[in-house]
Amino acid sequence: MFGEALRLVRTFHDVNQSELAEALGISRSYLSEIESGKKVPSLDLLQRYAAHFDMPLSSLVLFAENSDESPAELKVRTMLGEKALAILRWIENKANLGKAA
């Protein structure tokens, strides 16, 4: 379940397994086992993965629930999610600026 979603997020960001494994502090073979569904990632690893790609952990869970989507559908979902987050950050910043004035 998580493996396919993690692989799709990684490939969407054009990162190879070796680069990501090094960034996460795990072996490439362990990452490969996770992505193929042979191993289940720990919550700590999922949090590091989400932080590496600057995305909420909840998005990874959502992607995992919908990992049977095509790569194109995942790209669209990711893009829309990023746009929604940008809008929410903009609203938050506007609200904070209004409080400071």
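Helix α2 (residues 17-24) packs against α3 at an angle of about 105°, and their axes are 8 Å apart. The model is predicted: local features need pLDDT of at least 70, side-chain atom pairs count only at pLDDT 80 or more, and totals for chains, interfaces and linings use all residues. Residues are numbered from 1 along each chain as its sequence is written, and side-chain values use heavy atoms, with hydrogens and water left out.

Helices are DSSP runs (H or I, at least four residues), numbered from the N terminus. Axes are lines fitted to C-alpha atoms, for helices over the stretch in contact, and angles run from 0 to 180 degrees between N-to-C directions. Helices α2 and α3 are therefore roughly perpendicular to each other (65 to 115 degrees; under 35 is roughly parallel, over 145 roughly antiparallel, the rest oblique). Their contact (heavy atoms within 4.5 Å) joins Gln 17, Ser 18, Leu 20 and Ala 21 of α2 to Arg 28, Leu 31, Ser 32 and Glu 35 of α3.

Helix α1 (residues 2-12) and helix α3 (residues 28-35) pack at about 120°, with axes 7 Å apart, and are therefore oblique to each other. Here Gly 3, Glu 4, Leu 6, Arg 7 and Arg 10 in α1 meet Leu 31, Ile 34 and Glu 35 in α3.

| Residue | Phi | Loop |
|---|---|---|
| Asp 14 | about 55° | between α1 and α2 |
| Asp 54 | about 50° | between α4 (43-52) and α5 (57-65) |

Asp 14 has a positive phi although it is not a glycine, and Asp 14 counts as exposed at 70% relative accessibility (over 50%; buried is under 20%, partly exposed in between, with a 1.4 Å probe and protein chains only). Asp 54, also with a positive phi and not a glycine, counts as exposed at 66%.

Notes
Helices (H or I, at least four residues) and strands (E, at least two) are DSSP runs, numbered from the N terminus.
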